[in-house]
Amino acid sequence: MYEDMKSRVEGVVQSGGLSLDRVMEPEFQDVFRKWTADFTSRQHPTVIQILLDNNADKDIAGGVMPNLIYVSREKNNHTPHNFKAVHLTSWYSIGFRYGTITEDIYTSFRLHCEGWKSVLCNPKRAAFLGGSPSNLNDGLTQIKRWYMGFLEIFFNKYCPLIYGVRSMNPLQALCYTHYTLRSFWSIPIIIYAFLPQVSLINSVSIFTKVSEYGFFLYVFLFLGAYIKDFLDFVVFTGGSTIRWWNHQRMWLIWGLSSYPFALLEWSLKCFGLSTFGFNVTSKVVDEEQNRLYEQGVVEFGVESVLFLPISVASVVNLWAFVKGIMDVLIYGRLEEFFVQIFISGFVVVNSWVIYEGMVLRKDRGKMPLKITLASIATAMAIYLLSTLIMFP
């Protein structure tokens with residue numbers, strides 16, 4: 001269809017005019033017959049043309065297409081006209097708001113502040129289709145870019161927490177605040193990814209024992225958070241259990257890579273220092289990459305700095321889990337170290353795809369050797385530094 005349209009357009013351009021002999025469709029011939037020498041953008045009769053008819057036109061899957069009607073009101077050089085419809089000028093007065101790399105979210109926020117209302121449109125048949133990253137590096141880069149843009153939205157004169165609370169429903173403003181500041185979740189995620197594990201490697205207990213009442217608080221918080229997330233994702237929205245597991249695993253990966261790098265780049269930009277630059281996410285997929293994506297296999301492949309923190313965390317947690325199990329078997333300190341062993345084991349389970357990429361896989365999507373060696377060296381450096389701090 002595209003090549004046919006391209007050929008017809010190029011033929012019209014080369015000939016300098018449109019011959020009705022080149023128009024095969026009778027309905028289009030009727031339209032082009034109106035296009036005379038006196039027909040211009042400011043001098044023409046009313047034009048109403050049905051481009052798509054839901055009673056006849058269907059998409060490639062056989063689904064009914066929505067009506068698409070072109071309307072242009074009559075224009076005459078001898079009569080003054082307003083060349084923009086009055087009912088559309090309120091939108092043009094808003095337009096897209098820039099000053100952030102996530103201008104779509106920023107524009108939505110400003111529209112809501114102006115009193116516009118959102119309506120959920122979720123038809124059974126997809127209304128729009130788009131491309132998304134199919135490898136881990138592009139996915140992490142996209143999330144990093146989004147959350148850097150969110151920080152730009154929060155830290156400007158239209159801050160959702162200040163300007164938003166005055167201009168919209170306070171709860172809605174708090175929702176915008178939650179998302180625009182979400183990159184700060186990287187702080188507790190990084191702490192829980194390293195502090196309990198490094199303490200366990202050094203045989204230092206930092207949590208309450210299983211026999212103490214404080215232990216049940218940790219159980220309640222962990223189970224409560226994950227059960228609520230499971231209910232939201234699977235029960236209430238109809239997602240699958242596997243997709244929920246992958247989503248919560250990716251959330252931890254974002255917290256160790258995309259979120260902190262978004263904070264870092266935004267901070268450097270605020271101080272006028274050089275950043276990593278704006279990278280447009282690649283949507284080009286070759287055959288091998290598409291095969292891995294269809295099989296649900298994570299593709300690493302490239303030497304990305306975004307892979308280093310998640311690789312280091314994976315190594316440290318595996319090290320801590322093995323060390324904790326050894327302490328339990330040799331010294332019987334399960335009650336004392338149970339929480340730290342559980343956290344380390346939980347991260348190890350979530351990190352299985354990373355261990356596969358480091359050691360087991362031989363395809364081009366495996367973790368680059370340089371990243372693997374750098375993560376092991378960094379993990380050892382963290383251990384040595386921790387011993388100096390804990391045992392000065």
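1. The axes of α13 and helix α15 (residues 352–360) cross at roughly 95° and come within 10 Å of each other. Angles of 65 to 115 degrees count as roughly perpendicular, so α13 is roughly perpendicular to α15. On the α13 side the contact is made by Ile310, Ser311, Ser314, Val315 and Leu318, and on the α15 side by Ile354, Tyr355 and Met358. Sorted by class, this contact of α13 with α15 has six nonpolar, two polar and no charged residues. The model is a predicted one.

2. Helix α13 (residues 307–331) also meets helix α16 (residues 369–390): their axes come within 8 Å and cross at roughly 55°. The two helices are therefore oblique to each other. The crossing in which α13 passes α16 is right-handed. From α13, the residues in this contact are Phe307, Leu308, Ser311, Val312, Val315, Val316 and Trp319. They meet Ile371, Ala374, Ser375, Ile376, Thr378, Ala379, Met380, Ile382 and Tyr383 of α16. By class, the contact of α13 with α16 has 13 nonpolar, three polar and no charged residues.

3. Helix α11 (residues 258–270) has 13 residues, which at 1.5 Å a residue should span 18 Å. The expected span is 1.5 Å times one less than the number of residues.

4. Which residues of α11 are buried? They are Ser258, Tyr259, Pro260, Phe261, Ala262, Leu263, Glu265 and Trp266. The cover over the buried residues of α11 includes α5 (136–154), α8, α10 (241–256) and α13. Just after α11 comes Gly272, with a positive phi of about 70°.

5. Ser203 lies in the loop between α8 (186–201) and α9 (214–235). The phi of Ser203 is near 60°, a positive value in a residue other than glycine. Is Ser203 buried or partly exposed? Buried means under 20% relative accessible area and exposed means over 50%; Ser203, at 26% relative accessibility, therefore counts as partly exposed.

6. Some totals complete the note. The protein chain has 16 helices and two strands. Of its 392 residues, 35% are buried. Among contacts in the protein chain between residues at least 6 apart in sequence, 68% join residues at least 24 apart.

Notes. Residues are numbered from 1 along each chain as its sequence is written. This is a predicted model: local features need pLDDT of at least 70, side-chain atom pairs count only at pLDDT 80 or more; totals for chains, interfaces and linings use all residues. Side-chain values use heavy atoms; hydrogens and water are left out. Axes are lines fitted to C-alpha atoms, for helices over the stretch in contact, and angles run from 0 to 180 degrees between N-to-C directions. Helices (H or I, at least four residues) and strands (E, at least two) are DSSP runs, numbered from the N terminus. Angles under 35 degrees count as roughly parallel, over 145 as roughly antiparallel, 65 to 115 as roughly perpendicular and the rest as oblique. A crossing is left-handed if the near helix is turned anticlockwise from the far one by less than a right angle, and right-handed if clockwise. Contact means heavy atoms within 4.5 Å. Ala, Val, Leu, Ile, Met, Phe, Trp, Tyr, Cys and Pro count as nonpolar, Asp, Glu, Lys and Arg as charged, and the others, Gly among them, as polar. Buried means under 20% relative accessible area, exposed over 50%, partly exposed in between (1.4 Å probe, protein chains only).
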